[in-house]
Amino acid sequence: MDSREEKAVTISTVAKEAGVSMATVSRVVNGNPNVKPATRKKVLEVIDRLDYRPNAVAQGLASKKTTTVGVIIPDVTNVYFSSLARGIDDVASMYKYNIILANSDGNHQKEIQVLNTLLAKQVDGIIFMGHNLTDELRAQFKRAKTPIVLAGSVDQKDEVESVHINYVEAVESAISNLINHGNKRIAFVSGPLSDPINGEYRLKGYKNVLAKNGIEYDPNLVFETDYRYRSGEVLWPALASAHATAAFVADDELAAGVLNGARDAGAKIPDEFEVITSNNSKLTEIVRPQLSSITQPLYDIGAVSMRFLTKMMNKEESTQKTIDLPYGFIKRGSSK
C-alpha cells in the first residue's frame, strides 16, 4: 500500500497499542502527573514508534480552545514589527500558545481579509499591529467577539485594548532636542498622516514644541511618505528646497534613507543636517553615522501585548484599557 494511503495514527490507535485508555494517553501527552511512571514510559514508547502527533484541531474542538493566536503584521520585513513579533512569540510559547502570523501589507482591505481568515481558523485571540483602525475594521472587531490587543498602535477612540509608548511626549522630547541645538527649520517625516499614530499623535507632539518655542508651524516641512528606505533616500531635494536643517523621522528604515540621501548629496551630518529617528531598532547602529533615536522597548511592547491578551482570553478582570510603556532618548552621531 502507498504510504500516503495509510490511515493516520490517532489517539485511539496509541491507546489500543499500549493497552490503556484514551484518557491515559491524553494525560501523558498533556504532561499530567497522575500517570504511573511505568505506564507513562509504555505510552511514550508507542507514541515514538508510531510517530503519533496530537491533533490540535481535535483538541480545540474538545476544549473550545485552539490555543492559537493570530498576529496581523503590516510588514514582516520591517525591523520594528519583527522586533514586536519576537516578544509576542516568546510569551506565547511560555503560555503554550501557537502563533499564526498574517502579513497585511498595510492594506486596509487585506487587513479585513486576513482578520476573517484568522477568525475562520477559530483563533482564541488576535494581536493587531496596523496603525489605522478604520470604521470597517472596528465593526469587524466588534462582530468577532474575540479578544483583540493592539501592539504599538493607538486607538484614538479608546475602544480596543492597546500597548504602546506615549507618542506625543516622545516626539516632544525629540523636537525639543533639535530646537536646543539651534534648529528652527525642522522637518517632520512620517508615513501616512491618515494613520492616527502619525497624523494625530506624533504631529501633535511636533506642533506642541514648535508653539512652546515661538516657531511658526510650516506645512511645507511636513513630508508624508511610506515606511521604506528608498522613500527616505530620494527625499533630500525636497528637504533642501524647504531649507530644513534637521529632521524627525517616524521610522528607522525611512530615517536610514533620509540620512544616506543627505550624505550622498554632500550634506555634513550632523553639522549641516541633523536626523533623529523613532524606534531605536538595530538599524540605528548599522548606518554611519549612527542614528540618534527615541528609544522604545520594542520586544517588551510585543511581550506585554501577548500577556495582556492571555489575561483577556482567560477572562481575567482588568481596569486597564491602555498600557503605556516607558520611552527614552539615545544620542548618537546623527545629532549634535
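**Entry 1: the sheet**

I count two strands as paired if DSSP finds at least two bridges between them. The model I am reading is a predicted one.

I looked up the sheet with that rule in hand. I found an open sheet of six strands, in the order β7-β6-β8-β9-β10-β12 and with mixed pairing. Then I checked its edges. Strands β7 and β12 (328–330) stand there, and each has a single partner strand, so one side of each lacks a neighbour in the sheet. I noted the twist as well: from one strand to the next it averages 20°.

Strand β9 (residues 274–277) and strand β10 (residues 292–295) run parallel and are joined by two bridges. I looked up Ile276 and found Ser292 in β10 as its bridge partner.

**Entry 2: helices on the sheet**

Which strands does α9 touch? I found β6, β7 and β8. Helix α9 packs on the sheet, and its direction makes about 165° with that of β6.

I then turned to helix α12, residues 252–264. Helix α12 lies across β6, β8, β9 and β10. Against β9, helix α12 runs at about 170°.

**Entry 3: aromatic pairs**

I searched for ring pairs. The structure holds six aromatic pairs. I wrote up two of them.

Phe188 and Phe248 came up as a tilted pair, at 5.8 Å centre to centre with 35° between the planes. Phe188 belongs to strand β6 (residues 186–190) and Phe248 to strand β8 (residues 246–249), so the pair ties together parts 60 residues apart in sequence. The cut-off I applied is under 20% relative accessible area.

Tyr206 and Tyr217 came next. Their ring centres are 6.3 Å apart and their planes stand at 80°. Tyr206 sits in helix α9 (residues 196–212), while Tyr217 sits in the loop between α9 and β7 (222–224). The two are 11 residues apart, and the pair links distant parts of the chain. Tyr206 is buried, with a relative accessible area of 1%. Tyr217 has 31% and is partly exposed.

Phe188, Tyr206, Tyr217 and Phe248 form one aromatic cluster. A charge turned up at Tyr217: the charged end of Lys207 sits over the ring, 4.7 Å from its centre.

**Entry 4: Phe329**

I went back to the sheet for Phe329, which I located in strand β12. Its relative accessible area is 30%, so I list Phe329 as partly exposed.

What does Phe329 touch, leaving out residues up to four places away in sequence? I found Asn177, Ile276, Ser292, Ser293, Ile294 and Thr295. I ran the Asn177 distance separately. Phe329 and Asn177 are 152 residues apart in sequence, and 9.6 Å apart in space, C-alpha to C-alpha.

**Entry 5: Gln140**

Gln140 is in helix α7, residues 135–144. The relative accessibility of Gln140 is 14%, and I count Gln140 as buried. I listed its contacts, not counting residues up to four places away in sequence: Ile112, Leu115 and Asn116.

How values were computed:
Residues numbered from 1 in each chain as written. Predicted model: local features only at pLDDT ≥ 70, side-chain atom pairs only at ≥ 80, totals over all residues. Heavy atoms only, no water. Phe/Tyr/Trp six-rings, centres within 6.5 Å; stacked < 30°, edge-to-face > 60°. Helix = DSSP H or I, 4+ residues; strand = E, 2+ residues; numbered from the N terminus. Buried < 20%, exposed > 50% of the residue type's maximum accessible area, 1.4 Å probe, protein only. Lys NZ or Arg CZ within 6 Å of the ring centre and 35° of its normal. Axes fitted to C-alpha atoms, helices over the stretch in contact; angles between N-to-C directions. Contact = heavy atoms within 4.5 Å.
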